[in-house]
Amino acid sequence: MGIDRFSFPTTIHFGPGARKLVADYLLSQGLQRPLLVTDRGIAALPLLSSFLRELSGLQVGIFSDITGNPLASQADRGAEAFRAHDADSVIGFGGGAALDIAKAVALLATHPGKALEYAWDHPQVRPMDRELPCWVALPTTAGTGSEVGRSSVVSDDKTRIKKILFSPKLLAKVVFADPELTVDLPPALTAATGMDALTHNVESYLSPVYHPLCDGIAVEGTRIAARALPQAVHHGKDLTARGEMLMSSMMGAIAFQKDLGAVHACAHALSTVADLHHGLANGVMIDHVMRFNLEAAAAKMAELGRVAGVASEGSEEARANAFIGWLTTLKEQIGIPAKLGQIQGERPITREDIPALVEVASRDLCHQTNPRPCTPADFEAIFAAAL
Ligand SMILES: [Fe+2]
């Protein structure tokens, strides 16, 4: 047996009102000039103005030039804003995009060059060998779990290909997970981000990497999402359901130290090719990919069905099939389209997109830990079935 290393380092303050602890925390660290990194949508909401009022004693700079899937250029501009404000810390406040940019801004605050030069597959990748300024995370969606993740995913502005900056140094120093920040998220976004969280738990549990600690977290994270997601979508003010989804999303992101699988490879391709929302892409694809995975992962899928509350009778395969059926029903309950062709939007996905989708998905590293090896022909079949 080899020697494994396990680590769960992030301090998390969890509960309604946790955001109110931020100012005291930063001041206790001798920090007074945070740069708050958020997206344009949030910058316009009362959510941000009321949070700013709770940051008394601090001189807060704001960088909010972030829209849609995060771009490398946004991180570069955020780093300029950090220097212009003479900032000493970073507050990430928002969904996955804002938190991923906040990480990259913290990185570039003490490291030379541009964000993409730190992507793991850059030909002359620069080392992350210095300390980062303190950065704290406040998620306003329950999905990516970026607040507890050690990677920042930013797209190359030209190719739109997602690039991964990865280092434990990118971990937030402290997370303030406050469900009150998520209660105004509209149902469609609650559903899409929630499906991302659920997919992280499911795919990391199915990943063959040896990590029983994360397996336990992923199973429990699935159980929590299964009971909380429909409630959070249909009764958005329910703080218990919102808190549970925030917890499930952090659990999913902690668990995916084990890496993910083919659902995420497909979702990354859909974002690259059709600029589809990441959570929505996972939500549409998950049951189609699970049908492909069935022959390689029936026992684990049966277990996920059990914790999701699916009636557990019959053979292992029958119970795994019941889990897939549950996913399909859940999608319907929370308004996630069953198939790619049913997605409303200005950019319909058609049969002509399949070659490009297959190419990007095959190149994506996520499917290397899929329980069943996934060839380009397999991806083609999966996308065709999902269309
Ligand atoms: Fe994801």
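Visitor: In which loop is D259 found?

Guide: This is a predicted model. D259 sits in the loop between α8 (239-255) and α9 (262-274).

Visitor: What is the phi of D259?

Guide: Phi is near 75 degrees for D259, a positive value in a residue other than glycine. D86 is another such case, with a positive phi of about 55 degrees although it is not a glycine. D86 belongs to the loop between α4 (72-84) and β4 (89-94).

Visitor: Why does L47 count as buried?

Guide: Because 22 other C-beta atoms lie within 10 Å of L47. L47 is placed in helix α3 (residues 46-53).

Visitor: Which residues does L47 touch, leaving out those up to four places away in sequence?

Guide: L47 touches I42, T140, L181 and D184. The C-alpha atoms of L47 and T182 are separated by 9.5 Å, with the two residues 135 apart along the chain.

Visitor: Which domains does the assignment give?

Guide: Domain 1 covers 11-182 and domain 2 covers 187-386. Their C-alpha centres lie 26 Å apart. In contact are 21 residues of domain 1 and 22 residues of domain 2. On the domain 1 side of this contact there are nine nonpolar, eight polar and four charged residues.

Definitions and conventions. Residues are numbered from 1 along each chain as its sequence is written. This is a predicted model: local features need pLDDT of at least 70, side-chain atom pairs count only at pLDDT 80 or more; totals for chains, interfaces and linings use all residues. Helices (H or I, at least four residues) and strands (E, at least two) are DSSP runs, numbered from the N terminus. A residue is buried if 20 or more other C-beta atoms lie within 10 Å of its own, exposed if 12 or fewer, and partly exposed in between; C-beta atoms are placed from the backbone. Two residues are in contact if their C-beta atoms, placed from the backbone, lie within 7 Å. Domain bounds come from an automatic or database domain assignment. Ala, Val, Leu, Ile, Met, Phe, Trp, Tyr, Cys and Pro count as nonpolar, Asp, Glu, Lys and Arg as charged, and the others, Gly among them, as polar.
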